[in-house]
Amino acid sequence: MSNNSTHIEDNSDISTEPELHASILQFLVNHGYMETVEAFKREARRHLDMIPSTHVQIQNTDINHQLSRLQIRRPEDLKDGDNQYYSSLTAEFNDLHYANILAAVIEPQTHILATSSIDKTVKISTMLSDNKNISQRTYRHHQAPVLSIDFHPLIPHLMLTTSMDGSSVLVDTSFEPDFGVDVDSSGVCQVFKDHQKYIIRGLFAPEDGKYIATASYDRTVAIYETHTSSNSLPVYTLLKKVGPFVGNVETICFINSRLLVVGVRDDNYLHYIHLPDLQQERINMNSTGDDWVSFSPLYLSVSCDGNQLLCTTDQESGRTILFKVGESTQLQNYYIQSTDNKFAIKRNAWHPSGLYFYASGGDDYSIQVIETKTGRVVNTLKGHKAMIRSLVMDPNIGLITAGYDQSIKVWTHPTMPLIR
């Protein structure tokens, strides 16, 4: 529904749902909310299609009666925005790769930038870092392009990459090869080949890095565990492959160091995996509790306080849902970055305050700044000329974006100096 829509619980009998939805639609039309009408018609299509063509228009008194049966819960836990968010294009780098950029990530302690491209390289760059002891490097340790990069939360030089070749690799970026040794493939600590198709995401568990999770289009999630002491680089072993799920695993996100959530194509459930016992819990994304699959989750991210989960869906309306972690409760629905492009890449990233988030994936290649409480688009960041693949947040730098225009852009506060 509209950007100001909130969590709705429908207590009516399922047989009256088409009439209830028709009532809401008629109410929106009568009051001129035409943009909301179009979004509502897409969202409620399965209910509206059940209404006979001879259905008589519902009078205002009937509309009021139907609306009174809905319980609307306002997002009381959400706070008003403070107008403090990253919006100024401070730096732009166009010469890191000469092909489409697939992934970008900032190591939070050293502020080195790691990027990957369809040219199969992973590059370590230092233009955002003030650490002069780190050298820039290029790695080619996969046989296909790298789709995701992550760094160990406690060991800044331990990097995880996942690839279209179905492998995951751990690399020690501080390793100095001997003279004559191929630098491009040096520093490899471990190689994992437990997936049969693309690995779209690989993540270290936050805080301690005890676990690694990798998500693949082979419909599984692989979970690795380490028992190594902190005196040496950790060695990981496969704990379990979870799945197969009903569809491709599109997104994973660690809620905390011991809780992973999985989003799957053509599945109306989010799958929470508790570590280390691997107990699974399914949470229905449909607020009505039914099993109708009207959307798939494309990207998940958790708020900085760990209480809310932002879920970008594949719906053309740009529907993005804010859930309470571990619940079906929808705190807010947003309709942003709408597109009918089936190949659009949709991403979101939280502002550190939690008062705003950033969203990409629309046809104009912009980044929208959304106020979390109201759903209002408070700013639109323009500069990219092709699809955006990565939105990365660092509280000491700002928002880092990268995509198919082969550029890295840094967005900060107008008066915020760039770390170098």
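Modeller: Contact here means heavy atoms within 4.5 Å. This is a predicted model: local features need pLDDT of at least 70, side-chain atom pairs count only at pLDDT 80 or more, and totals for chains, interfaces and linings use all residues. Residues are numbered from 1 along each chain as its sequence is written, and side-chain values use heavy atoms, with hydrogens and water left out.

Biologist: Among contacts between residues at least 6 apart in sequence, what percentage joins residues at least 24 apart?

Modeller: Start with contacts in the protein chain between residues at least 6 apart in sequence. Then keep those that join residues at least 24 apart, and the share is 51%.

Biologist: Over which residues does pLDDT stay under 50?

Modeller: pLDDT is the predictor's confidence in each residue, from 0 to 100. The chain averages 86, and 81% of the residues score at least 70. The model still has 50 contacts beyond four places in sequence for one such stretch, and 20 for another. These stretches are residues 1–15 and residues 66–72.

Biologist: What percentage of the 420 residues counts as buried?

Modeller: Buried means under 20% relative accessible area, exposed over 50%, partly exposed in between (1.4 Å probe, protein chains only). Of its 420 residues, the buried share is 55%.

Biologist: In β13, what is the bridge partner of Arg201?

Modeller: Strand β13 covers residues 211–216. Five bridges join β12 to β13, and the two run antiparallel. The partner of Arg201 in β13 is Ala215.

Biologist: Which residue in the turn of the β26 and β27 hairpin has a positive phi?

Modeller: Strands β26 (residues 367–371) and β27 (residues 377–381) pair in the antiparallel sense over four bridges. Ile367 stands opposite Leu381. Five residues lie between the two strands, and the one with a positive phi, about 80°, is Gly375.

Biologist: Is Gln368 buried or exposed?

Modeller: Gln368 is in strand β26. Beyond its neighbours within four places in sequence, Gln368 contacts residues including Phe357, Tyr358 and Val377. Its relative accessibility is 15%, so Gln368 counts as buried.

Biologist: Which residue pairs with Arg265 across 49 residues?

Modeller: A salt bridge is a side-chain nitrogen of Lys or Arg within 4 Å of a carboxyl oxygen of Asp or Glu. Arg265 meets its partner in one at 3.0 Å, N to O. Arg265 sits in the loop between β17 and β18, the partner in the loop between β21 (308–313) and β22 (319–324). The partner is Asp314.

Biologist: Which residues do salt bridges with shared partners join into one network?

Modeller: Arg265 also forms a salt bridge with Glu250, with the closest N and O atoms 3.1 Å apart. Glu250 is buried at 13% relative accessible area, whereas Arg265 is partly exposed at 26%. Asp314 is partly exposed at 30%. The network joins Glu250, Arg265 and Asp314.

Biologist: What is the relative accessible area of Lys342?

Modeller: Lys342 forms a salt bridge with Glu316. Glu316 is partly exposed at 34%. Lys342 is exposed, with a relative accessible area of 67%.

Definitions and conventions. Two strands pair if DSSP finds at least two bridges between them.
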